[in-house]
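Have the sequence and the 3D view ready.

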Amino acid sequence: MFVNHLECSLTGEYYPSGQIHNLSRAGKPLLVRYDLQAVRERLTKQLLQERAPGMWKWRELLPLPDGAEPVSLGEVETPLLPLPRLAAEAEAGNLLVKDEGRLPTGSFKARGLAMAISMARQFGTSHVALPTNGNAGAALAAYAAAAGIGATVICPAETPAINVTETAAYGAEVYVADGQIDECGRLIGEGAAAGRWFDCSTLKEPYRIEGKKVMGLELAEQLGWRLPDAIFYPTGGGTGLIGMWKAFAELEAVGLIGPERPRMFAVQAEGCAPIVRAWKNGDEFAERWEGAATVATGIRVPKAVGDFLILRAVRESGGAAIAVPEEAIARGVEDAARLDGVLLCPEGGAVLAGWRMALERGLVGRDEQIVLFNCAAGNKYPLPDRAKRIRLGEVNGAEL
Ligand SMILES: *Cc1c(COP(=O)(O)O)cnc(C)c1O
């Protein structure tokens, strides 16, 4: 294992590895730091190519101790699919979607929770918990079941029903509450303080981000060890965006890529856009968004503990934070399905809408290589019912 230590993402304060952690003393996320010089001497493109695909091939850049088996449900390498007709419609060339909906439990939350639960098992944790808008709860429950440990989740009332029932099917205790995800998170924090469970909330433990960062590692290898011109990411807690930004720095430090970086676009819904507001105001931290509402529940996060890290990555990269209206989200989902046969989740629809808006505003070029992130399977969400009803006795098939 190549982990050196952990450090506070705000103050840089040192924390030892090998023991269980939540937030730093400053109340900010902890980040895992590796001996990247040692990784550099070991990890080659050739070695990576020879390994079976999937997140565990990146073991040198992951925190799992030597000899420890990961808790795994088959974390595939997700495909990078072209969207040629959508691109052509916008007179653009090179539009790709990384389809994270292929992962266990149908979302990329599996990456983070495979890592977090693998570590929790190492530390002998017997019960884990988090607040969720749906996908994190399902992934937590599935990996906890696979690890043989207990799980509790609390979700807002608007959480998609399929997520609530799926999570309970894995044997987790599920509560549906009358509030937003950060308010549910308060109960999880109180339970953790009372010793009921270990708090696995987004960025409040240091390992989910390490699992999600694999998106960035995988993307670099899939594109032949270069990165796209721009990445559009559906931003809730921002773990994936911060994680990929960290992954790119690590890849450069171990000599697998150069200093070039994509411009990072954080996409949010107009009904919940705290990061976009802070980005526009030039703020370092984002204030809580009151009355959050959007169909894209995965990005309905009024207050993100890693807000300053998201804003930093977007600014350093020369990208932008973009808010899209609900109609554009629905249109994005419909267009990708109809034109290119790819069923996006609503958050993926938001990202597509964000790219269209950026193209219109000249923030991205028509011939640039763009990667959109679709972070869950589209068929986990309700879709408009467009089927026509017929009575078999009254129609002839030739008339249809
Ligand atoms: C959780 C989630 C997001 C937001 O991910 P973060 O990395 O926490 O910002 C986006 N889309 C879907 C489908 C999600 O489940």
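## Ground rules

Buried means under 20% relative accessible area, exposed means over 50%, and partly exposed lies in between (1.4 Å probe, protein chains only). This is a predicted model, where local features need pLDDT of at least 70 and side-chain atom pairs count only at pLDDT 80 or more, while totals for chains, interfaces and linings use all residues. Residues are numbered from 1 along each chain as its sequence is written, and side-chain values use heavy atoms, with hydrogens and water left out.

## A tryptophan pair

Seven aromatic pairs are found in the structure. Rings of Phe, Tyr and Trp (its six-membered ring) pair if their centres lie within 6.5 Å; planes under 30 degrees apart count as stacked, over 60 as edge-to-face and the rest as tilted. One of the pairs joins Trp 58 and Trp 225, and it is edge-to-face because the planes stand at 70°, with the ring centres 6.3 Å apart.

Helices (H or I, at least four residues) and strands (E, at least two) are DSSP runs, numbered from the N terminus. Trp 58 sits in the loop between helix H2 (45-50) and strand S4 (80-82), and Trp 225 in the loop between helix H9 (214-222) and strand S10 (230-234), so this pair ties together parts 167 residues apart in sequence. Trp 58 is buried at 0% relative accessibility, and Trp 225 is buried at 16%.

## Phenylalanines and a cluster

Phe 232 and Phe 265 make a stacked pair, 4.4 Å centre to centre with 5° between the planes. Phe 232 belongs to strand S10 and Phe 265 to strand S11 (residues 263-269), so the pair links distant parts of the chain, 33 residues apart. Phe 232 is buried, with 0% relative accessible area, and Phe 265 is buried at 1%.

Phe 108, Tyr 233 and Phe 373 come together in one aromatic cluster. Lys 212 lies over the face of Phe 108, 3.8 Å from the ring centre; a charge sits over a ring if NZ of Lys or CZ of Arg is within 6 Å of the ring centre and within 35 degrees of the ring normal.

## Two residues in one loop

Ser 201 is in the loop between strand S9 (198-199) and helix H8 (208-212), and is buried at 4% relative accessible area. Beyond its neighbours within four places in sequence, Ser 201 has contacts (heavy atoms within 4.5 Å) that include Ala 129, Ile 188 and Arg 208.

Leu 203 also has its place between S9 and H8, and is buried at 3% relative accessibility. Its C-alpha atom is 8.4 Å from that of Lys 28, although 175 residues separate Leu 203 and Lys 28 along the chain. Not counting residues up to four places away in sequence, Leu 203 touches several others, among them Leu 23, Pro 29, Ile 242 and Val 305.
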